[in-house]
Amino acid sequence: MPSAPEVPVPGTHPATVAVAPPCPGPACWAGAPSAARDDDGAFWLAYRRRVPQHAGRGTATVLARAADGERYETVVELPKERFGAESLERPALVRTPAGRWRLYVSCATPGSKHWRIDVLEASRPDALADGATRTAFAGDPEWGVKDPVIRHDGERWVAWVCCHPLAEPGAEDRMLTRFAISADGLEWTWAGDALVPRSGAWDARGTRVTAVLARAGVAYYDGRASAEQNFHERTGLAAAAGPGGGLARLHARGTEPLATSPDGGGALRYLDVVALAEGGYRLFYERARGDGAHELCTELSP
């Protein structure tokens, strides 16, 4: 599938394993990354750790730091119990216009298919563990909400949120992305569907926006065709639906995924992209290994 000019494509350049999975085998993952750069040039990485055993699933959100963007050292671990959650999924690590740090955390409600998104704030990433928790997106009995992409666009806060319909038992894996706006990044207003599945296409069962490149007018997303492909999403590319509309409305580009893994069911998902002040991009994504585990990879795109 052709990509937009100057848009990085995962797998084009050599990848480094930034975080290995905590154990071998299926359902053991390090991934769902969200990255941001500090004032000193270092990279901070928030990701989800998942283990299959001992009521595992998403057991913790981890914050790690690397001066070079590749060799990460764990600084903070936030266990799911910190949020009263049955599982944690993709976080969003964000700088505020005032230079503070926020961590939006995807939290599964125990005993249900419902998800909500909580937020912590602190002056430094290593202080986020001590921040007060409040709910930013509560969801409701009909919708679970998680895996947000959140930005301040210079005028307001904007978010692309993965939404799961809960009304049909057994079909809660379905997903689409909705757009939301906010004055402060804490109280949000829904502003319509941003990207929806396409009937009969490779993304017919779900479309989850994972990163946006506003200047290029594109967004990356996870897609899959069926319930059986849950946890095996591939990465696709979407573009602004019309001139002047920004990325609040998107349409998928092409008939095939942009990027997949050659191993373990093909999963290459949760792509995040950091534009570098010195030029180029650093990519972060979760990739399936041959044994079924998922590793967190990073890749420099000059």
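**Strands, cysteines and burial in a predicted chain**

Guide: Ala27 lies in the loop between strand 1 (15–19) and strand 2 (29–37). This is a predicted model, in which local features need pLDDT of at least 70, side-chain atom pairs count only at pLDDT 80 or more, and totals for chains, interfaces and linings use all residues. Residues are numbered from 1 along each chain as its sequence is written, and side-chain values use heavy atoms, with hydrogens and water left out.

Visitor: Why is Ala27 called partly exposed, and Tyr270 buried?

Guide: The terms rest on relative accessible area: buried is under 20%, exposed is over 50%, and partly exposed lies in between (1.4 Å probe, protein chains only). Ala27 has 23% and is therefore partly exposed. Tyr270 has 0% and therefore counts as buried.

Visitor: Where does Tyr270 lie, and what makes a run a strand?

Guide: Tyr270 lies in strand 18 (residues 268–275). A strand is a DSSP run of E of at least two residues, a helix is a run of H or I of at least four, and both are numbered from the N terminus. By these rules the chain has 0 helices and 20 strands.

Visitor: Why are Cys23 and Cys28 called a disulfide?

Guide: A disulfide is a pair of cysteine sulfur atoms within 2.5 Å. The sulfur atoms of Cys23 and Cys28 are 1.9 Å apart, and the two residues form a disulfide. The structure holds 1 disulfide.

Visitor: Why is the disulfide of Cys23 and Cys28 called right-handed?

Guide: The torsion about its S-S bond is about 115°, so the disulfide is right-handed. Both partners are buried, Cys23 with a relative accessible area of 15% and Cys28 with 0%.

Visitor: How do you know that the sulfur of Cys162 is too far from Cys163 for a bond?

Guide: The closest cysteine sulfur to that of Cys162 is in Cys163, 6.7 Å away, and this is too far for a bond. For Cys297 the closest cysteine sulfur is in Cys28, at 15 Å, and this too is too far for a bond. Cys162 counts as buried at 1% relative accessibility, and Cys297 is buried at 0%.

Visitor: What does Ala92 touch, setting aside residues up to four places away in sequence?

Guide: A contact means heavy atoms within 4.5 Å. On that basis Ala92 touches Ser34, Arg102, Leu103, Tyr104 and Pro148. Ala92 is found in strand 6 (residues 92–95) and counts as buried, at 3% relative accessibility. The C-alpha atoms of Ala92 and Asp147 are separated by 7.5 Å, although the two are 55 residues apart along the chain.

Visitor: Why does the radius of gyration of the chain agree with a compact globule?

Guide: The radius is taken over C-alpha atoms, and the globule rule is 2.2 Å times the number of residues to the power 0.38. With 302 residues, a compact globule would have a radius near 19 Å; the chain has 17 Å, which agrees. The C-alpha trace spans about 45 × 45 × 45 Å along its principal axes. Buried residues make up 55% of the 302 residues.
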